[in-house]
Amino acid sequence: MTPVEIKAVILDILEGIAPDEDLSDLKDDVPLREQLELDSMDFLDIVMELRKRYRVQIPEDDYVQLATMNSTVNYLSPMMKDLEKA
Amino acid sequence: MIAGVDERSRIVITGIGLASPNGNNLAEFRESLLAGRSGVRPYEIRYVGKTVAGVCGFDELRYQKRKDLRRGTRAGSVGIYCANEALLDSGIDWANVDKSAVGIYIGVTEHGNVETENEIYELKGFDYDTQFWSHHHNPRTVANNPAGEISLGLGITGPHYTIGAACAAGNAGIIQGAQMLRLGECDVALAGGVSESIHTFGIFASFKSQGALASHADAQRASRPFDVDRNGIVVAEGGCIYVLERYADAKRRGARIHGEIAGYAMNSDASDFVLPNAERQAQCVAKALERAGLNADQVDIVSTHATGTASGDEQECAALRRVFGDSPRTSFNNAKSFIGHTMGAAGALELAGNLPAFSDKVCHATINVDQLDPECALAGLVINEPREQKQVDVILNNSFGMLGINSVVIVKRI
């Protein structure tokens, strides 16, 4: 998967987690929590969805990497570069 | 008022919010009950397949966002809808109510089965590897979930919990609310019961294995308490929550009062896991009457618990005969014939459907009785058509459950 495809996956997951939010204006370099109503359970949902869809394992110490869209994509790129988009 | 209770401890109903398979508020529910309109429909659920159920159609998004629905449970959603509707109905100045003085007491027959079944179903797709088990499982399945979701939804910081009381839970929630008001634990009680039971296949399958799941070619005819051809329970979802207040507080703010909790009782059969016990039921009814300072022949309407099982209906009728004899003033009816068995909500919901009788003086019927079972032939049974009464001052509401739990609530016109 390319970084663009990984971003599309994250947006798809976020649409499920935050169905009332408009994601079209999401800024890639601003923390997701500052733009969306997300709590710790929502971030666990992101982790779980990635695990279910792609068997990607994100250690708890690395959850901080999911702060912004850019940091998330950068963090996931090495793990997901050889995966096909589901 | 309960005999011997001082004036300050009188408890009244000032608001009613409900979700029924045949109505999304009291006016709609009452209209359906008087018109003979059923809320039972064909239904299909995982593993069990085609069956019938009482399904609610309330607007989930009236008081919740889509994210709330995703995060919470169906029981929580039913509870939030009913609690909001009840507060609106009460006319209370909610913005200025001390939220720490509000208590939430919600009866449930069961809770957690729906989420557990869903998670296991999902986990099957991952070869039962528990690393894919949801972190939402625990907050969704803790027993206080439906009450807790109401607390979260309305910002209520007083006590909240559920009362697990099988199918007596709706009454048990009301009783708990009244008791907490009398103890001074809260100033406003949101009390009643909820059910999400149609979303768990287990409850259908278990009733079926027990020979107690209703079936009929016409779904609307499946729930038929007292009929000779009744063949079991129609499972239903729903909820009903009351705003309860002390009479003095309600009077002070000029609230409309739906009725006064005149008496109540709960007891146990201590005889069987599932079979009812007429003697204990009769004792429970008699105890509630005694506490209300009433004789049986002063009761105008008895809302029966009867679920449409062979034994359950007979036993309740035997209990009622024992207490009421041939009281000429007393009519008997049954709401499950319209909506099925709303489990944890049943007691609260069925009582609510009768409360408008204080003003319209009509006893709604028991429908689907083609041939009355002679064992259930109570003299005052209102069959198929509503009955106008000379007066309606006292309503008695039965609600019984598995493991031999019995509850009775008596409400008086005020």
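Predicted model: local features only at pLDDT ≥ 70, side-chain atom pairs only at ≥ 80, totals over all residues.
Select residues 40-45 of chain B, which make up strand 2, and then residues 49-54, which make up strand 3. These two strands of chain B run antiparallel, and six bridges join them. For a pair to look at, pick B:Tyr43 and you'll find B:Thr51 of strand 3 standing opposite. Now follow the chain around the turn: strand 2 and strand 3 of chain B form a hairpin with three residues between them. Click on B:Tyr47 in that turn, which has a positive phi of about 70°.

**Stop two: two helices in chain B.** Next, select residues 74-90 of chain B for helix 3 and residues 145-154 of chain B for helix 6. How do they pack? Their axes are 8 Å apart, at an angle of about 50°, and that makes helix 3 of chain B oblique to helix 6 of chain B. The crossing is right-handed. To see where they touch, show B:Ala75, B:Gly76, B:Gly79, B:Ile80 and B:Ala83 on helix 3 of chain B. On helix 6 of chain B, the contact residues include B:Pro146, B:Ala147, B:Ile150 and B:Leu154. Colour the contact by class and you get seven nonpolar, four polar and one charged residues.

**Last stop: where the chains meet.** Zoom out and bring chain A into view. The contact takes eight residues from chain A and nine residues from chain B. What classes turn up on the side of chain A that touches chain B? There, five residues are nonpolar and three are charged, with no polar ones.

Notes:
Residues numbered from 1 in each chain as written. Chains lettered and ligands numbered in written order. Pairing = 2+ DSSP bridges. Helix = DSSP H or I, 4+ residues; strand = E, 2+ residues; numbered from the N terminus. Axes fitted to C-alpha atoms, helices over the stretch in contact; angles between N-to-C directions. Parallel < 35°, antiparallel > 145°, perpendicular 65-115°, else oblique. Left-handed = near helix turned anticlockwise from the far one by under 90°. Contact = placed C-beta atoms within 7 Å. Nonpolar A, V, L, I, M, F, W, Y, C, P; charged D, E, K, R; others polar.
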